[in-house]
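Have a look at it first, then read on.

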Amino acid sequence: MAMASPRTFKSGSVDLSYQVVGAGPPLLLIHGWSANGDEWREVGWLDALGDRTLIIPDLRGHGLSAKPHDSTAYSMRTFATDILGLLGAVGVPTADVFGYSMGGTVALWTAVLAPSRVQSLIAGAVADAVDGDAGGLARALRGLDPPTARSERYRAYIEEIGNNDLDALLACLDAGIRSPECAELAVFGGEALLAAGDQDRRRRITERLAGCLPGGRFLLLPGADHTRGFEDPRLKAAAAAFLDEVSPR
């Protein structure tokens, strides 16, 4: 399945880009930090999730969306507010919501801010900077700390994507990428699937957050790290089966 021509909507004063592909129950897909909406097509998710209306934003600071350089523009609540604004822009009162990495964090915040608008929830390898790793990555990317293997992988990926703005991405890291607290997640009573590879540093937080959700379940992907987890056929099959169960076509 090919991506569609980009559209735009305004969230507050910020212009954000998105695409809509397919037909069927609405499913909103949220990419991770330093990526953009095209990543869902690049690793085969559009075909895996066929027969649904796929709503695919470029988050603020990413892709074709506006890229403020002020860290106050990038709170997780602001990202979630953008997602709710996108649902309004496309005229969808409720949707299934699926995010990976930082996109998973944004998906969780969307369910916390407006649980009645999230039909079901999928979150893979949820990013949570409780240990300060976002700040450490930002310092390394700025050259304030020595480079690490992790920072150099991200630098190469940022350059590979090609339409990134490093200052905007660093402002996002400065804002902090924090998941909701367990007590906050309890407000979402819908079905939720959370997943992570056993080689992913985000495995532990993702599994813990699944237990915070009344309808949460956790899928472990043996042998998968962060990148391979997103591409993993087991996750694609599980997500498709989960959606067919909780949000039939």
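Predicted model: local features only at pLDDT ≥ 70, side-chain atom pairs only at ≥ 80, totals over all residues.

The protein has 11 helices and eight strands. Its radius of gyration is 17 Å, close to the 18 Å that the globule rule gives for 249 residues, so the protein is as compact as a globular protein of that length.

**Overall build**

- How much of the protein counts as buried? Of its 249 residues, 54% do.
- Take the contacts in the protein with a separation of 6 or more: residues 24 or more positions apart account for 74% of them.

**Charges and salt bridges**

- The protein carries 24 positive and 31 negative side chains. The centres of these two sets lie 2 Å apart.
- Side chains of opposite charge can pair when their charged atoms come close.
- How many salt bridges turn up in a search of the whole structure? The search finds 18.
- One of them joins the side chains of Arg-60 and Asp-82, at 2.6 Å from N to O. Arg-60 sits in the loop between β4 (53-58) and α3 (76-89), while Asp-82 is in helix α3, so this pair ties together parts that are 22 residues apart in sequence. Are these two buried or exposed? Both Arg-60 and Asp-82 are buried.
- Another salt bridge links Asp-128 with Arg-178, whose closest N and O atoms are 3.7 Å apart. Asp-128 is found in the loop between β6 (118-124) and α5 (133-142), and Arg-178 in the loop between α7 (166-175) and α8 (182-185), so the pair ties together parts that are 50 residues apart in sequence.
- The two partners have their own burial classes: Asp-128 counts as buried because its relative accessibility is 13%, under the 20% cut-off. Arg-178 has 36% relative accessibility and counts as partly exposed.
- Within a helix, the side chains of Glu-207 and Arg-203 meet in a salt bridge of 3.3 Å, N to O. They are four residues apart in helix α9 (residues 203-212), so about one helical turn separates them. Glu-207 is partly exposed, with a relative accessible area of 37%, and Arg-203 is also partly exposed, with 27%.
- Which residues are linked in a network of salt bridges? Asp-51, Arg-52, Asp-96, Asp-244 and Arg-249 are.

**Backbone spots with positive phi**

- Asp-51, from the network of salt bridges, has a phi near 65 degrees, which is a positive value in a residue other than glycine. You'll find Asp-51 in the loop between α2 (45-48) and β4. It counts as exposed, with 53% relative accessibility.
- Ala-125 isn't a glycine either, and its phi is positive too, near 45 degrees. Ala-125 lies in the loop between β6 and α5. Is it buried or exposed? At 0% relative accessibility, Ala-125 counts as buried.

**Two residues and their surroundings**

- Val-112 belongs to helix α4 (residues 102-113). With 13% relative accessibility, Val-112 counts as buried.
- Along the sequence, Val-112 and Ala-186 are 74 residues apart, but in space their C-alpha atoms are 8.2 Å apart.
- What does Val-112 touch, if you don't count residues up to four places away in sequence? Its contacts are Pro-180, Glu-184, Leu-185 and Val-187.
- Ser-17 is part of strand β2 (residues 14-21). Ser-17 is buried, its relative accessible area being 4%.
- Setting aside neighbours within four places in sequence, Ser-17 is in contact with Pro-6, Arg-7 and Thr-8 on one stretch of numbering, and also with Pro-57, Asp-58, Leu-64 and Ser-65.

Definitions and conventions:
Residues numbered from 1 in each chain as written. Heavy atoms only, no water. Helix = DSSP H or I, 4+ residues; strand = E, 2+ residues; numbered from the N terminus. Rg over C-alpha atoms; globule rule 2.2 N^0.38 Å. Buried < 20%, exposed > 50% of the residue type's maximum accessible area, 1.4 Å probe, protein only. Contact = heavy atoms within 4.5 Å. Lys, Arg positive; Asp, Glu negative; His and termini not counted. Charge placed at Lys NZ, Arg CZ, Asp CG, Glu CD. Salt bridge = Lys/Arg side-chain N within 4 Å of Asp/Glu carboxyl O.
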